[in-house]
Amino acid sequence: MKTKKKAGRRLKRDWRRKIDVTDVDTYLDNKRLEERIGVSFTEKKNEELFHIDVSGKKKNILKPPKKSLDAPLKCLSSLQSTSAIVPLAKRSVKKNKKNKNKSDEKFDKNIKPLKKTIIKKKDAQKLNKILKSKVKMLQLKENSTNNDVFNKDLWSGYREPGQHKEKLINNVIKWLPSEVLNHNAKILPKLSDKKMVHPSQRLCKVDDMKCPHPGLSYNPTIEDHVSLLATIAEKETELIKHEAHVNRVTQSLFKQVSKEKHEQIITEELTEGLPGFSNDTVDVANEDTSEFKAINPPTTRDNQKSIKKRKIQRRLRNEERQRINAKVEKKKISDLYRLRYINQELDELENSTTKKKLKRLQKRQISNISTRRLGTNKFTESHDTFTLPKDLKGTLRETEPQGNIFKDCFESLQKRNILSVGKKQLKLNKKKIQSFMHPAFKITPDMLAEYNV
Amino acid sequence: MPMQKKKFQSGEGARYVTRRAALNKLQLSLKDFRTLCIIKGIYPREPAHRRRAQKGKSGIQILYLKKDILFLLHEPMIWKLRDLQVHLNRLRRAKGMNQKDLIKRYANTVPRITIDHIVKERYPTFIDALRDMDDALTICCLFATFPKLKSIPTHLIALCRRLTIEFMHVCIAARALRKVFISIKGIYFQVEIKGQAITWVIPHNYPHEPQKKQEVDFYTMSTFADFYSTALGFVNFRLYHNLNLYYPPRLGSYTAEAIEDEMLEENETSDRVAALNLPLLKTAEDVEDPAEAELNLDTFAADGNEEKAEEARKEYEKVRKLKNLFEGLKIFLNREVPREPLVFALRCFGAKVSWDVTTFPEGATFPETDETITHQIVDRPDLEKKFISRYYIQPQWVFDCVNARELLPVEKYFIGTPLPPHLSPFTVEYRTQRYVPPEEKALTDPSVIVNRDQELLDEISDNEIEDIKDGENEPEDENMETDDDIDEFGDEITEEQLAEIKRKKMKVETGTPEIVNKGKLRRENHQMQLLKEKMIQKKYRSLYKSMKSGKIQRQKEIKLLKYKRRIHERTSIEKKRAEIKARRAQAAVA
């Protein structure tokens with residue numbers, strides 16, 4: 001390397017400006033060329049250029065070299081330069097990828113419209129896109145017809161997706177200590193030993209669908225039919241009774257008057273005491289006939305208590321007080337005697353409370369099996385189906401089907417606590433259509449008359 | 001200061017979540033959540049203390065267990081539901097923008113949500129799945145009867161139609177039908193597969209009755225149908241393969257796609273019943289037919305319970321007979337009878353069935369004029385043209401035969417005659433002590449003669465009038481227990497007698513039947529019973545007493561009813577006899 005004599009050496013800048021690097025460049029160029037092309041053939045030995053093929057037709061499949069422990073990590077390979085030459089300066093080249101063939105990739109030459117037409121390139125691409133989707137759809141349809149959905153035995157020899165992997169993980173898990181598992185469970189939830197099991201839910205066992213009443217037969221025996229009707233009638237009478245009770249407790253507690261009468265009462269109340277109204281005169285008449293008498297009239301001198309009477313009263317009062325005092329004293333003594341029985345009483349109390357508790361628990365267990373209240377609305381059983389004796393024809397041709405199986409199905413689901421009871425939709429929510437009259441439309445009086453508006 | 005305990009962070013308040021909270025946790029819409037819950041089998045719960053579970057709030061909210069919701073959280077189906085939502089949004093947008101090609105594309109590529117793994121998860125074993133088939137079949141059969149409706153996808157209805165027919169075919173192939181009951185609601189069938197009794201209802205064959213939307217939530221029910229149809233499909237697959245049958249069966253034009261296309265075009269021509277009358281393809285030949293399959297039952301009892309074993313053997317014998325009940329019969333259905341239940345019931349027991357070609361062109365195998373037809377099922381008072389070679393019977397005969405597990409005599413079911421009552425096979429005998437009239441006895445045990453009036457009258461007509469009174473009193477006398485036969489030994493024994501007795505002992509004599517003193521035995525038993533009763537605890541004594549008195553009362557009632565019946569029969573016979581006498585006297589005068 002040559003350096004100029006009079007040049008600063010202190011800063012990097014000085015070096016860059018004043019140092020001649022042509023020799024370095026030429027050296028590097030030569031090196032690169034050598035790397036690219038290789039050493040010239042004249043310098044190479046015969047063994048390097050040629051080799052005798054002994055293996056024959058079979059090609060040696062080279063095994064991938066074993067990784068040594070010292071080898072750098074694979075993830076760092078992108079950071080390493082592949083060139084043998086040390087780069088002159090660190091450069092970070094930003095490659096601007098311009099994928100020119102992107103649109104061409106999507107373009108499938110195999111798919112063409114049936115009719116040959118001349119179209120622009122842009123439109124052709126669009127058309128190709130649509131056609132492609134159509135072909136895909138057709139393929140899907142074909143597959144669906146060929147492959148039935150039910151094409152495997154779920155309960156034997158069928159492996160769920162991901163089951164194999166799970167097995168492997170389970171095998172690995174066996175070897176790992178629980179602390180490690182717990183530590184890693186947050187990152188890899190699959191590592192956790194816990195498995196989600198389908199929650200077993202006890203359902204209401206009652207199911208009316210399973211066992212129809214023999215009286216429901218289209219041609220029942222008289223006893224069965226009568227018993228069915230009797231049970232239904234019993235239910236109905238109970239319902240009527242309950243309704244009557246509710247009515248009595250709510251509606252009939254309050255006096256009900258018609259609207260006109262109500263108004264009349266109000267006017268009567270408001271006009272009370274005013275002169276010139278019929279009510280006033282009636283009151284006056286009442287006053288005339290009956291004499292006024294207070295409930296507790298003031299005492300007079302005539303009915304004053306005598307001294308003797310007062311004395312007797314005082315004596316009686318004193319005696320009463322004494323009696324009460326004696327009773328209290330007596331109670332105190334008896335309580336002292338009772339002390340030894342208190343323990344026994346406490347035991348009895350405890351016994352009774354535990355019994356009550358048990359009873360309550362049993363009741364809850366029973367109600368667990370029956371229909372429960374899941375939502376705001378309570379489940380009410382609908383009316384049972386039945387036929388009146390006059391409608392029983394006795395032949396299959398003439399029997400009229402009763403009841404609604406679909407509704408029964410739905411209600412049985414509700415009864416078994418599978419569905420919560422919702423609100424009954426009394427009318428369907430259809431959007432109201434708002435209609436407007438065109439502002440330019442003119443209405444004549446004859447039109448109104450015609451439509452009776 | 002100690003750590004303050006916060007309310008509802010443990011115990012019941014922490015165990016339950018409201019539906020709203022569940023929706024937030026799962027990030028699903030209410031509609032999707034409902035679907036997911038139905039398919040996964042997660043239902044709302046009622047807590048023991050509602051106020052606590054609702055974290056102090058009053059009112060009634062729909063509550064779920066937190067555990068259940070966490071269970072749902074791991075379901076891969078949730079992602080599919082979200083994808084579906086995105087797809088439907090795209091479709092909606094395309095519709096709004098009126099982009100026809102996009103609409104078509106999106107409408108045809110709606111992602112399909114497979115729920116196979118959920119079926120497996122909910123029914124870990126095949127038996128579990130069979131146990132839950134009751135609901136599945138009822139719902140699928142209902143959906144199969146629906147026409148094209150706005151609120152139910154057509155492919156679901158088509159699938160239900162296909163699957164129910166396939167299941168019926170399997171029942172026919174396995175001869176699995178056990179009970180049939182015609183009620184006013186619909187027709188109940190019970191089949192037995194792998195020891196599981198499956199009961200379902202099919203509606204009567206009438207035009208579809210429009211359902212009231214106020215009463216039933218169609219969307220919910222269609223979700224149920226979706227799940228159950230999938231389960232039923234896999235159950236069908238397994239059942240077919242167990243019987244060495246080809247699945248899916250080739251039932252002519254009766255495939256789900258064909259049905260759907262027909263429904264969309266609104267001209268339904270394919271015939272369910274015709275599909276039911278077709279034979280199935282077998283995958284393997286030389287396989288034992290379930291109708292002839294025989295099982296070698298152990299002759300010795302397993303747990304020493306011989307009675308039970310004997311019962312089981314008898315039951316098995318009955319079922320084996322039942323499987324070939326209609327074997328070799330050729331039955332023609334008139335056009336007014338409901339074909340579907342009849343074809344199913346008849347083919348399940350090996351009969352050959354056909355019907356009128358002019359009204360139902362598909363599936364008829366032989367014409368009405370065929371001379372080899374054994375029975376013709378008719379449901380009208382009279383027919384113009386009749387063949388001598390066959391019985392004309394009403395449809396109830398078929399169902400009663402199935403329930404009785406025997407070929408019943410056809411006389412009662414002849415055309416035009418008033419039918420005997422159709423009894424339910426599903427009744428559970430909860431009262432053992434009750435009066436059973438001879439008519440009812442005859443239904444279960446045909447060896448009992450129902451009505452002896454006719455025979456008696458026949459005897460009378462032979463001019464041999466006997467005193468029936470005496471004849472009927474005799475058996476009653478026999479029934480009276482001979483209590484007074486007490487052995488009269490034990491007074492005094494002389495030496496001679498003793499010697500004789502000894503000599504007798506040396507000899508070998510001809511055996512005499514051992515006389516069992518019934519009265520003594522009974523009295524001993526009674527005394528033992530009294531001793532036993534003494535041992536009853538005090539708290540159960542009153543209960544026992546009431547039981548006993550009830551038993552006695554019921555016995556009395558039965559006796560009384562029997563007595564009444566006897567009196568009634570006797571008076572009726574006497575009346576008839578008097579009538580015959582009078583008639584004869586008149587004839588003699590004339």
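Which residue in E7(B) is the bridge partner of Lys330(B)?

The structure is a predicted model, in which local features need pLDDT of at least 70 and side-chain atom pairs count only at pLDDT 80 or more, while totals for chains, interfaces and linings use all residues. Residues are numbered from 1 along each chain as its sequence is written, and chains are lettered from A and ligands numbered from 1 in the order in which they are written.

**Chain interface.** Select chains A and B: 56 residues of chain A are in contact with 68 residues of chain B (C-beta atoms, placed from the backbone, within 7 Å). On the chain A side, helix H5 (121–146) and helix H12 (405–415) each supply at least two residues (helices, H or I, of at least four residues and strands, E, of at least two are DSSP runs, numbered from the N terminus). H12(A) gives the largest share, five residues.

**Helix pair.** Next, select H3 (residues 30–40) and H12 (residues 218–242) of chain B, which pack at an angle of about 40° with axes 9 Å apart (axes are lines fitted to C-alpha atoms over the stretch in contact; angles run from 0 to 180 degrees between N-to-C directions). Among the residues meeting here, display Arg34(B) and Ile38(B) of H3(B) with Thr220(B) and Phe227(B) of H12(B).

**Strands.** Finally, select E6 (residues 330–333) and E7 (residues 352–355) of chain B, which run parallel and are joined by four bridges. Lys352(B) in E7(B) is the bridge partner of Lys330(B).

Note on methods:
Contact = placed C-beta atoms within 7 Å. Pairing = 2+ DSSP bridges.
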